[in-house]
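Trainee: I have a model open and some terms to sort out. Could you take me through them?
Mentor: Gladly. Let us look at it together.

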Amino acid sequence: MTEIRGTADGSTLDLLRTRRSVPPMLLDGPGPTAEDLDRWLGIAARVPDHGKLSPWRFLVIEGEARERAGAIIERIFLADFPEADEKRRAQERQRLAHAPVVVGVVSRAGPHVKIPEWEQVLSAGAVCMNLVVAANAAGYATAWLTEWFAYDRRVLDALGLDPAERIAGFIHIGRAKEVPSDRPRPDLSQIVTRL
């Protein structure tokens, strides 16, 4: 039987208790090494996965790929809003360019004879959270975002997603230039019901 261990000093619990997102525009380099990122992706993939379907995959966007992806986003935005000024165009172009690395978690959830699609979607969400926690535990800051382009089929097609695939989240990873103050968290008395 495999022993399941936690950390005796509570560092995992402290990390989970204090974790917070840092907006991408407050993220900077240096980014993680390829070895670090591969290790975190392996950790991210260790999630509940009913049926062992791996109903998710990773789209790593780093280096010049961030600008290429940004050009796609800008082009599709301008197709709908051709009157956009240069400031707005730059905002769209830089959506994935602030952090040194952005990982798109692609959900491949779909109909299955035994595994409900909802469970597959939840598994992709768990992948996003595992990746956030792994990067934070290594001293990096993260933001898990989607934004409008994660739901635009034209962008997804241009990024190479299959027609049935969707984005569960873009995980922006970098070093925090500054950490914003924490936001109010839910009052447990308002969200917990005990039967």
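Mentor: Start with a definition: a salt bridge is a side-chain nitrogen of Lys or Arg within 4 Å of a carboxyl oxygen of Asp or Glu. This is a predicted model, where local features need pLDDT of at least 70, side-chain atom pairs count only at pLDDT 80 or more, and totals for chains, interfaces and linings use all residues. Residues are numbered from 1 along each chain as its sequence is written, and side-chain values use heavy atoms, with hydrogens and water left out.

Trainee: How many salt bridges does the rule give?
Mentor: The count comes to 17 salt bridges.

Trainee: Which residues are linked with Glu86 in a network of salt bridges?
Mentor: Glu74, Arg89 and Arg93 are linked with Glu86 in that network. Glu86 and Arg93 meet at 2.8 Å, N to O. The closest N and O atoms of Glu86 and Arg89 are 3.9 Å apart. That value is within 4 Å, so the pair counts as a salt bridge.

Trainee: Where do Glu86 and Arg89 lie?
Mentor: Both are in helix 4 (residues 86-93). They sit 3 residues apart, about one turn of the helix. Helices here are DSSP runs (H or I, at least four residues), numbered from the N terminus.

Trainee: Why is Glu86 called partly exposed?
Mentor: Buried means under 20% relative accessible area, exposed over 50%, and partly exposed in between (1.4 Å probe, protein chains only). Glu86 has 47%, so Glu86 is partly exposed. Arg89, at 30%, is partly exposed. Arg93, at 27%, is partly exposed too.

Trainee: What makes Asp80 and Arg154 a salt bridge?
Mentor: Their closest N and O atoms are 2.6 Å apart. The pair links distant parts of the chain, 74 residues apart. Asp80 is in helix 3 (residues 64-80), and Arg154 is in helix 6 (residues 153-158). Asp80 has 42% relative accessibility, so Asp80 counts as partly exposed. Arg154, at 37%, counts as partly exposed.

Trainee: How do you know whether Leu188 is buried or exposed?
Mentor: Leu188 has a relative accessible area of 57%, so Leu188 is exposed. Leu188 is found in helix 7 (residues 188-191).

Trainee: Why is helix 2 called oblique to helix 5?
Mentor: Helix 2 (residues 34-44) and helix 5 (residues 117-137) pack at an angle of about 140°, with axes 8 Å apart. Under 35 degrees is roughly parallel, over 145 roughly antiparallel, 65 to 115 roughly perpendicular, and the rest oblique. The angle falls in the rest, so helix 2 is oblique to helix 5.

Methods. Helix = DSSP H or I, 4+ residues; strand = E, 2+ residues; numbered from the N terminus. Axes fitted to C-alpha atoms, helices over the stretch in contact; angles between N-to-C directions.
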